[in-house]
Amino acid sequence: MSEQVPTAVAELARPVAEALGLELVDVEFAPGGGRNVLRLVLDREGGISVDHLAKVSRELSDLLDAHDTVPVEYTLECSSPGVNRSLKKPADFNRFCGKEVALRTTTAIEGAKRFAGLLVSAGEGGIEIDDRSHGRLSVPYGLIDDAHYEHDFARDLRGERD
């Protein structure tokens, strides 16, 4: 059940988000522990507001109930991806080319599974990263376990912007 719910919810949530000018970044369903949580991560060019999140929550809540998409009681949480946004789809990697990223792979590449550095490119099959320790590497999407943008707060303090 927990693996099918995010896919079914994403199919209903994506049109709602897009109609509001938002991007559905991720859907997670975490059952158990006395509280089932359905978490949607949404974003928008220029940032997302609490009002945007509240609107999606209201519209989607009724839709999910009407379709009985989640077969147990749950709490719906809508949030922004945060500053260090997760990178999940090729489009996410494309969007963050030229920026600092960190990633973990499922299989070691050149003896390591953790990499951090400049995201050089993102293509159909994978990415190229200029890792601080290992130099330039090609990483297929299928080996990426987790990846996220690494915001440079020091640049903010210096008054520089991306």
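I began with burial and noted that 35% of the 162 residues in the protein are buried (under 20% relative accessible area, with exposed meaning over 50% and partly exposed in between, for a 1.4 Å probe and protein chains only). I kept in mind that this is a predicted model, in which local features need pLDDT of at least 70 and side-chain atom pairs count only at pLDDT 80 or more, while totals for chains, interfaces and linings use all residues. Residues are numbered from 1 along each chain as its sequence is written, and side-chain values use heavy atoms, with hydrogens and water left out.

**Fold.** I listed four helices and eight strands, taken as DSSP runs numbered from the N terminus (helices H or I, at least four residues; strands E, at least two). Along the sequence I read their order as α-β-β-α-β-α-β-β-β-β-β-α. The C-alpha atoms fill a box of roughly 50 × 40 × 30 Å along the principal axes.

**Cores.** I then looked up the largest nonpolar core, which has 21 residues, and found Val9, Leu24, Val27, Leu38, Leu40, Leu42 and Cys78 to have the most contacts inside it. Such a core is a set of buried Ala, Val, Leu, Ile, Met, Phe, Trp, Tyr and Cys residues joined through side-chain atoms within 4.5 Å. At least two of its residues come from each of α1 (4-19), β1 (23-30), β2 (37-43), α2 (50-67) and β3 (75-79), and α1 gives the most, with six. A second, separate core has 18 residues, including Phe93, Val101, Ile109 and Val139.

For Leu38, leaving aside neighbours within four places in sequence, I noted contacts (heavy atoms within 4.5 Å) with residues including Val5, Val9, Val27, Phe29, Leu64 and Leu76.

**Asp43.** Is Asp43 buried or exposed? Asp43 is found in strand β2 and counts as buried, at 9% relative accessibility. Its side chain makes a polar contact of 2.8 Å with the side chain of Arg85; by the definition, this is a pair of N or O atoms within 3.5 Å, where within protein one must be able to donate a hydrogen and the other to accept it, and residues adjacent in sequence count only if both atoms are side-chain atoms. Beyond four places in sequence, I also found Asp43 in contact with Arg95 and Pro81, among others.

**Gly82.** I placed Gly82 in the loop between β3 and α3 (90-95), where Gly82 is partly exposed, with a relative accessible area of 40%. Its C-alpha atom is separated by 10.0 Å from that of Tyr149, 67 residues apart along the chain.
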